[in-house]
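Here are some notes to read alongside the model, written as numbered points.

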Amino acid sequence: IKNLRLKAKKCIFIRTKIQIKTDMEKRYFLVTALFVSIAFISLLGFFNSYIAFFPKYEAFDYVIHIHFIAFVLWFVLIILQPILIRRKKLNLHQKIGKLSYFLAPVLVITILILVHREVVRDIKTSENMVYISSFIGLLDAITFTIYYIIAMINVKNIRWHVAFIIA
């Protein structure tokens with residue numbers, strides 16, 4: 001009887017371990033699917049103002065190109081990271097994650113430059129709209145910066161790290 005109990009406990013442990021693995025895989029899949037969806041929706045926001053002009057980008061300033069490239073790389077990074085974790089490539093996850101130390105500041109700086117340029121351009125025509133758009137741009141830059149810093153401080157706390165990267 002003691003031997004049967006031990007075997008039963010072993011079966012429950014193995015089944016539980018398999019269930020946990022399956023649940024984690026589902027979570028990583030859902031996180032990846034969420035990031036792909038967010039990236040797609042965000043790229044739609046760039047369509048009329050940038051992507052639709054392909055390949056004639058001469059009229060665009062270099063800051064817009066840098067912002068778009070950094071934005072796309074950010075989403076590639078965000079989509080790739082849970083895939084690397086799911087495939088147990090933690091070293092590669094950490095190495096590629098360090099690219100964010102460069103991308104995050106580039107995104108924030110280009111957002112601020114673009115907001116400033118929009119304010120200078122539109123201040124004469126619609127002062128109220130300038131206040132609104134500059135407020136939204138500054139809010140984007142500030143919240144992104146705060147969330148990114150919190151995520152990087154909490155790299156050892158997976159829940160906080162992922163939550164603030166998603167935010």
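1. A salt bridge here is a side-chain nitrogen of Lys or Arg within 4 Å of a carboxyl oxygen of Asp or Glu. Arg-121 itself is exposed, because its relative accessible area is 56% and the cut-off for exposed is over 50%. Please keep in mind throughout that this is a predicted model.

2. How many salt bridges does the rule give? The count comes to two.

3. Now the overall picture. The protein has six helices and zero strands, and from the N terminus on its elements run α-α-α-α-α-α. Of its 167 residues, 26% count as buried. The protein exposes about 12,500 Å², and carbon and sulfur atoms supply 70% of that area. Among contacts with a separation of 6 or more, 60% are between residues 24 or more positions apart.

4. With 27 residues (127-153) at 1.5 Å a residue, α5 should span 39 Å, and the distance between its end C-alpha atoms is 39 Å, which agrees. Which residues of α5 are buried? They are Val-130, Ser-133, Ser-134, Gly-137, Ala-141, Tyr-148, Ala-151 and Met-152. Their cover includes α2 (62-86), α4 (100-122) and α6 (158-166).

5. The largest nonpolar core holds 22 residues, and Tyr-50 and Trp-74 are the ones that touch the most other members. Two or more residues come from each of α1 (2-47), α2, α4 and α5. Helix α2 provides the largest share of this core, with nine residues. As general background, nonpolar side chains tend to be buried together in soluble globular proteins.

6. Tyr-50 deserves a look of its own when you have the model open. Setting aside neighbours within four places in sequence, Tyr-50 is in contact with Tyr-57, Phe-60, Ile-64, His-65 and Phe-68.

7. Is Gln-81 buried or exposed? This residue of helix α2 counts as buried, because its relative accessibility is 11% and the cut-off for buried is under 20%. Leaving out residues up to four places away in sequence, Gln-81 touches His-93, Ile-96 and Gly-97.

8. Turning to the surface, a nonpolar patch is formed by Leu-34, Ile-38, Ile-158, Val-162 and Ile-166, which together have about 370 Å² of accessible area. Helices α1 and α6 each supply at least two residues of the patch. Helix α6 gives the most, with three residues. Ile-38, found in helix α1, is partly exposed, with a relative accessible area of 31%.

9. The loop between α2 and α3 (90-97) contains Arg-87, and Lys-88 lies in this loop too. Arg-87 is exposed, at 58% relative accessible area. Its C-alpha atom is separated by 9.6 Å from that of Glu-25, a residue 62 residues apart from Arg-87 along the chain.

10. What is the phi of Lys-88 near? The angle is near 60°, a positive value in a residue other than glycine. For context, most residues other than glycine have a negative phi. Lys-88 counts as exposed, with 66% relative accessibility.

How values were computed: Residues numbered from 1 in each chain as written. Predicted model: local features only at pLDDT ≥ 70, side-chain atom pairs only at ≥ 80, totals over all residues. Heavy atoms only, no water. Helix = DSSP H or I, 4+ residues; strand = E, 2+ residues; numbered from the N terminus. Expected span 1.5 Å × (residues − 1). Buried < 20%, exposed > 50% of the residue type's maximum accessible area, 1.4 Å probe, protein only. Contact = heavy atoms within 4.5 Å. Core = buried A, V, L, I, M, F, W, Y, C linked by side-chain atoms within 4.5 Å. Patch = residues over 30% accessible without salt bridge, like charges linked within 9 Å, V, L, I, M, F, W, Y side chains within 5 Å. Areas by Shrake-Rupley, 256 points an atom, 1.4 Å probe, with all protein chains shown as cover.
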